[in-house]
Every structure is written in structure tokens, then in C-alpha cells.
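Please read this briefing alongside the sequence and the model.

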Amino acid sequence: MADSVTDRFLRYVVIDTQSDAKSPTQPSTEKQKNLGRLLAEELLAIGVTDAHLDEHGYVYGTIPATTSKNNVPVICFTAHMDTAPDFSGTGVKPQVVKNYQGGDIQLVGDRSQVIRVSEHPVLKDLVGHDIVTSDGTTLLGADDKAGIAEIMSAAEFLINNPDIKHGAIRILFTTDEEIGRGVDKVDLKKLGADFGYTMDGETAGTIEDETFSADAVEIAIKGVAMHPGFAYGKMENAIRIAGAIIDRLPKDQAPETTRGRDGFIHPTGISGVMEKSNLSFIVRDFTEEGLKTKEALLEKITREVMAGYPGSSYTFTVKEQYRNMKVVLDRHPEIVEYAVEAIRRAGMEPVRGSIRGGTDGSRLSFMGLPCPNIFAGGHAFHSPLEFVSSQDMEKAVKTIVELARLWEERA
Ligand SMILES: [Zn+2]
């Protein structure tokens, strides 16, 4: 009998795969390959004959086509093996709350850690589910080992049920997503897919086809420095200038005052002495226009503040970080439409969402592999309160299978 998706998940989360932003290597931590090796072996065992781990720690494999049609696109399903550096992933002891009956869930390894319904209202939809948590002393790693387990289970199911018609399906497991380097070494030519789906979202039924568009801004200020005893009417302190700029930032365009589809201007760094100071910002919005408007506002504030300091000067540098993948996905609307339909066929009401951040999928989309994000079922990512429902993981497996079937059907 095949392992359930939960059996797989429980096997993967105990393997420590935390990534490390300070490491220059790829993968950033060698231990990520421990999971990679296991996954490659398990793929071979279920009949994915070309499965292998490459030197960068990525796992590739192919579920061969079962259709006789020759125009079915090649789909890739992808998930990341690493866990976030934000919280320990060493010695994960997964706990299963069988047939959850509602109420707060107290974690057994650290009594101060409680998953509260008031903070995680999604729990109300999970009554009767089996819920997997950590023991409270580590994160769980549902982000994104839930996605990995789901792709593995779907692969096994499709291989064992060759009567289900589908095109060739590529599997890709990446390293270092959590430190923003997840797709640095992906070989898209070798992958040979027409488009992909990351299995890395949260609530069952959601599909995300939007990410922020993101820029970084650096403002370098040169003031007029001199002995404070002789400064009257002459000194222009670059520290005061930087402070004046920060003070004039719109309070309603900050991360802490915005949500949904509203973007923000966010100061991330400040350093300075009297003669010069530097300000770092990140700017976020869902549209290019919104991004440009915010940057224009930031420059206007800077210019106006600087007008009061005629002896000082500044430079204002914008650096592109990433772009909303919707721009790419809108050119291929069926990629998201079919995912919506697959979610419905798997028995859920589809919900379309926007990610207030970037994903591997947004980078892949601009590298030529359009790639929206489908739910994996986990919640409270990057924390000891992380949890995932077994039944929701099964729904994700079903969604993958339906999606494979749908692309063949419509070809
Ligand atoms: Zn993730």
C-alpha cells in the first residue's frame, strides 16, 4: 500500500534542512542534500526513473506522459526543501492531533506555546481534521515540506494509475528558497517545462497569481560639517537631514498600516555622521505605476527637505528587485484558470490571492517559466506554532492530479 501524504510529511520534517543566508555556497547548507538524497531515492522507488540530485542540491524527475496526444504542455510542480533561518529546525518532533475537536492547541514540548483560535481563526474550518504541529521547541517545516510530500504523493498516484491521461510532468525540488536564492542554479533547459506551479501557499483552496513588485532605494546625503562652536548659520548636519526625511514619510503607507493590495515605503536602514548619512528603503506595490508613484513621492520629500540645506547635496538611487508575476501570467491566463478549475474539481471553493512578498515563482515567471502558487495547506509559517492539516494536504494532492488531467483533457 502507498504511504499517505502525512506519512511522507512526517518522514521529511524530521530531516533538518535549514538554510543560511550568511553562507556563500549553493546549497547554503550541506544538510539540505540529506533530504534531497532521500527524495531522489524515493522517486526512483516509485518509478520516476530519471530522478536525481544535482550538485547544487536540486532534485529533478519526470513522470512520463500517459496520453497519446502530442500537444499536451509539459507542466512542472515545484516546492522547496529548505526551512526558514528564523526559527530552529533541528530535532523536529512532529505531533498529530487526531480528529481535532476545536479549541486552542497547547504544544507539548513548550507549554508556553499555544496555537490559539483567536490568532488562527482558520482552525474553525479544521474541526474533524488531523492536525500536525511541532512540539513547540522548533518550527514544523510545513513550509514547504507539505508541498514536497504532496508532489511526491501525486507522483506516486499518477504512476500507479496509468489510466489517468496526462502529459509529461516534471518535478523540481529546490534549496535555499527562504534566503531568496531558490532558483539561482535552476537549469530551465534541462527542466524543459512550459510552465510550473509552486506548491507553497497556505489555506486550502487558494491560488496566488500576484506578488509585489519591489524596488530598493538608497539615499546618500552629503552635509556641511564643521566645529560645533563655529557652526552658527553654516553647519548642515546630515543626521538631521536624514531624520527630517524619515519624519515626513506618509504614515499611511507603511507595512504596519497597510494590507491587502496596498503597497508601502519602508525604511530598512539608517547610518550617518554629521558630514554624510545614508538611508535605505524598500518600496512595494502590486502595480508598476504604484511603485513609481511611491518612489516619486520619496524623491519629492527628499528634494523638499534638501531645499532647506543649500550647502548639502544628495543622490537618489533606485534598484529593481523583482516584479509582480501577474504581468507574465496574464499573457497565459489558462495557467491560472485551469488551476482554479482543478481546485474546484478537488472539492474546494477556489480563492484567488495576492502575495505581499516575492516567491520563487515570481522569479521563475520572469526567467521564462510562468509559475503561480497553489496552496500547500500550512499555517503560521516560520514559527514554532506552524501547523498543517492532513486532510488539506490530501486536497492538494488531488488538486495536482486534477490539474494534470485537465491539461490533457483541454489539449
Ligand atoms: Zn515556502
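Strands β2 and β8 run antiparallel and are joined by five bridges, where strands, like helices, are DSSP runs numbered from the N terminus (E, at least two residues, for strands; H or I, at least four residues, for helices). The model is a predicted one, in which local features need pLDDT of at least 70 and side-chain atom pairs count only at pLDDT 80 or more, while totals for chains, interfaces and linings use all residues. Residues are numbered from 1 along each chain as its sequence is written, and side-chain values use heavy atoms, with hydrogens and water left out.

**The sheet**

- Strands β2 and β8 belong to an open sheet of eight strands with mixed pairing, in the order β1-β2-β8-β3-β9-β16-β10-β15; two strands pair if DSSP finds at least two bridges between them.
- The edges of this sheet are formed by β1 (52-53) and β15 (351-355), each of which pairs on one side only.
- Strand β1 is joined to β2 (residues 59-63) by two bridges, and the two run antiparallel; here His52 has Tyr60 of β2 as its bridge partner.
- Further along, Ile63 has Ile169 of β8 as its bridge partner.
- Between β3 and β8 the pairing is parallel and extends over six bridges, with Cys76 standing opposite Arg170 in β8.
- Strand β8 (residues 169-174) is mostly covered, since five of its six residues are buried, where buried means under 20% relative accessible area, exposed over 50% and partly exposed in between, as found with a 1.4 Å probe on protein chains only.

**The nonpolar cores**

- The largest nonpolar core has 63 residues, and the members that touch the most others are Phe9, Leu43, Phe77, Phe173, Tyr197 and Leu403; such a core is a set of buried Ala, Val, Leu, Ile, Met, Phe, Trp, Tyr and Cys residues joined through side-chain atoms within 4.5 Å.
- Apart from this core lies another, of 18 residues, which include Val217, Ile221, Leu279 and Leu298.
- If neighbours within four places in sequence are left aside, Phe77 is in contact with Ile151, Ile169, Arg170, Ile171, Leu172, Tyr197, Met199, Ile400 and Leu403, contact meaning heavy atoms within 4.5 Å.

- Distant parts of the chain are linked here, as His80 in strand β3 (residues 75-80) and Asp143 in helix α3 (residues 142-160) are 63 residues apart.
- Both His80 and Asp143 are buried.

**Backbone features**

- Asp143 is joined to Asp144 by a cis peptide bond with omega of about 10°, and Asp144 has its place in helix α3.
- Another cis peptide bond, with omega of about 0°, joins Gln26 and Pro27, and Pro27 lies in the loop between α1 (5-13) and α2 (32-46).
- Although Ala380 is not a glycine, its phi is positive at about 55°; this residue lies in the loop between β17 (378-379) and β18 (387-389) and is buried, with a relative accessible area of 16%.
- His382, likewise not a glycine, has a positive phi of about 65°; its place is in the loop between β17 and β18, where His382 is partly exposed with a relative accessible area of 27%.

**Cysteines**

- The count of disulfides comes to zero, a disulfide being a pair of cysteine sulfur atoms within 2.5 Å.
- Cys76 is in no disulfide, and the nearest cysteine sulfur, that of Cys371, is 6.6 Å away.
- Cys76 counts as buried at 0% relative accessibility, and Cys371 is buried with a relative accessible area of 0%.
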